[in-house]
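Subject: Structure handover and notes

Dear colleague,

I am passing on the structure below, together with some notes on what was found in it. Please keep it open while you read.

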Amino acid sequence: MRPLYREAQGKLSWEGGNAGLWYDKFCNEWCKDPQKHGLEAWSLEAFTIVRGKDRKTINPKQDWIKTVTEKPCGDRELLRAAEMRLARLVEGKGGEVLHYRLESDFVTGLGRQHPVENGFTWHHTLGTPYLPGSSIKGAVRAWAMQWAEGVERAQIKRIFGSEGKNDRAFHAGSVVFLDALPTAPVSLKADIMTPHYVPYYQGDEPPADWHSPNPIPFLVVKAGASFVFGILPRKPEYAEDCRTVKGWLAEALEWIGAGAKTAVGYGRFAEDVEARERFERAREKEQAEKQKREEEERQRREVEEQTRDKSGLYAELFRASVEGRWREQREAFSQQGVIEGWMDRLESEPERDAIELFNEFMQQHYGDVLKNPDATKGKKGKPKHKPRQRELAKRWLRIRKEHGDG
């Protein structure tokens, strides 16, 4: 990681791009401490500039962290698409899709290397924070081993697998933990940890009150963000293990949290009912759209099959009948103007196959009228059929007679 050339500064931005790539690769906040000399003067360490009575503190690390905290991080459409893909995978394998909301700030990947000292775990393609499946598995395993009641060691080993490859009976766990992804753009913020006994932590001195506090900024996800979790059985016969883990996961996220710094309250989750309801609505919409696409494809194939070696007018008429569902719905065929319009076409373009096809619809929906358009009913001899029905029937009988089909 090197400072950017002066010519490149001011041209780089993560506007609409991958915030993780920006944060990890383009740090350019190195500043020169006027109180130092040489290469040592250039660093990301905070320093204070004193000019007379004025004092100004420069904190390059915190300034860099704030470059990704000014607006929500992530693309809403990409995140929803990822959520739906995860759901299809999990449900296809008989697993569980779960939604949880952050009740406290969340931090992940502090141990990763980064110029600002503390790293952050970014999803490579979505450019958002996420919780790796391995971290979730570790948290749930810790909960099951230390706090869950009535759990046998053999059950732990079956569900989570062997702890190391030196195990002679090494095997993978019966439950697969997928990465937890945000369901919407998340808000980030700069937080600060302030260890007071740095020499003690470094093993140089015992803890003492004369040690100077050392503020260290780091990046966190604000509370309120919603994440989707996915767990699935490695084989169908492990479905019961998956249901067991579902309960452990909920308890672990609520009581011990996930991510880093959970001992001081970070990373606590609670079930997100609102996100679950939104997800169900989105899935219903997706299924409806899928059914619509399948129906359109079925209709396209049907039209292609039925109109092969037919006239162009026949193909057009058949396509209209399929799209309008004329065979299933009399009202659709009888809409004002539909029959009249097609009769005009058939009179001007008397294709025989098209006339035969149209006659099928007329016989299906107006067969009784075609037998006797002027039929009456009752002692007073009132017309049996409505005026429009009579007119359409007479006109159709005339068209068939003129074109030799009557």
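Which residues in α8 meet which residues in α9? Before the answer, a word on the source: this is a predicted model, in which local features need pLDDT of at least 70 and side-chain atom pairs count only at pLDDT 80 or more, while totals for chains, interfaces and linings use all residues. Residues are numbered from 1 along each chain as its sequence is written, and side-chain values use heavy atoms, with hydrogens and water left out.

In α8, the residues are Q299, E302, V303 and Q306, and they meet Y314, F318, R319, V322 and E323 in α9, where contact means heavy atoms within 4.5 Å. Sorted by class, the residues of this contact are 4 nonpolar, 2 polar and 3 charged; here Ala, Val, Leu, Ile, Met, Phe, Trp, Tyr, Cys and Pro count as nonpolar, Asp, Glu, Lys and Arg as charged, and the others, Gly among them, as polar. The names of helices and strands follow DSSP runs (H or I for helices, at least four residues; E for strands, at least two), numbered from the N terminus.

Helix packing

Two packed helices are described by the angle between their axes and the distance between the axes. Helix α8 covers residues 273-306 and helix α9 residues 312-324, and the two pack at an angle of about 150° with their axes 10 Å apart; the axes are lines fitted to C-alpha atoms, for helices over the stretch in contact, and the angles run from 0 to 180 degrees between N-to-C directions. α8 and α9 are therefore roughly antiparallel to each other, given that angles under 35 degrees count as roughly parallel, over 145 as roughly antiparallel, 65 to 115 as roughly perpendicular and the rest as oblique.

In the loop between α8 and α9 lies T307, which is buried at a relative accessible area of 14%; buried means under 20% relative accessible area, exposed over 50% and partly exposed in between, with a 1.4 Å probe and protein chains only. Not counting residues up to four places away in sequence, T307 touches Y314, A315 and F318.

Helix α4 (residues 133-146) packs with helix α5 (residues 153-160) at an angle of about 170°, their axes being 11 Å apart, and α4 and α5 are therefore roughly antiparallel to each other. K137, V140, R141, A144 and M145 in α4 meet R153, I156 and F160 in α5, and this contact divides into 5 nonpolar, no polar and 3 charged residues.

For helix α3 (residues 76-92) and α8, the axes come within 11 Å and cross at roughly 80°, which makes α3 roughly perpendicular to α8. On the α3 side, R80, E83, M84, A87, R88 and E91 meet R278, F279, A282, R283 and E286 in α8, and by class this contact has 4 nonpolar, no polar and 7 charged residues.

Nonpolar cores

In soluble globular proteins, nonpolar side chains tend to be buried together. In this model the largest nonpolar core has 46 residues, and those with the most contacts inside it are Y23, L188, F229, W248 and F269; such a core is a set of buried Ala, Val, Leu, Ile, Met, Phe, Trp, Tyr and Cys residues joined through side-chain atoms within 4.5 Å. Helix α7 (residues 239-255) gives the largest share of this core, 6 residues. A second, separate core has 27 residues, including V322, F333, F358 and V369.

Single residues

K61 lies in helix α2 (residues 60-65) and is buried, with a relative accessible area of 6%. Leaving out residues up to four places away in sequence, K61 touches L44, E45, P115, V116, E117 and P217.

One of these partners, E117, is in the loop between β5 (96-102) and α4. Most residues other than glycine have a negative phi. E117, however, has a positive phi of about 90° although it is not a glycine, and at 42% relative accessibility it counts as partly exposed. K261, in the loop between α7 and β11 (269-271), likewise is not a glycine and has a positive phi, of about 55°.

Lastly, H385 lies in the loop between β13 (382-383) and α13 (387-402), and at 8% relative accessibility it counts as buried. Apart from neighbours within four places in sequence, H385 is in contact with D368, V369, N372, P373, A375 and R390.

Best wishes
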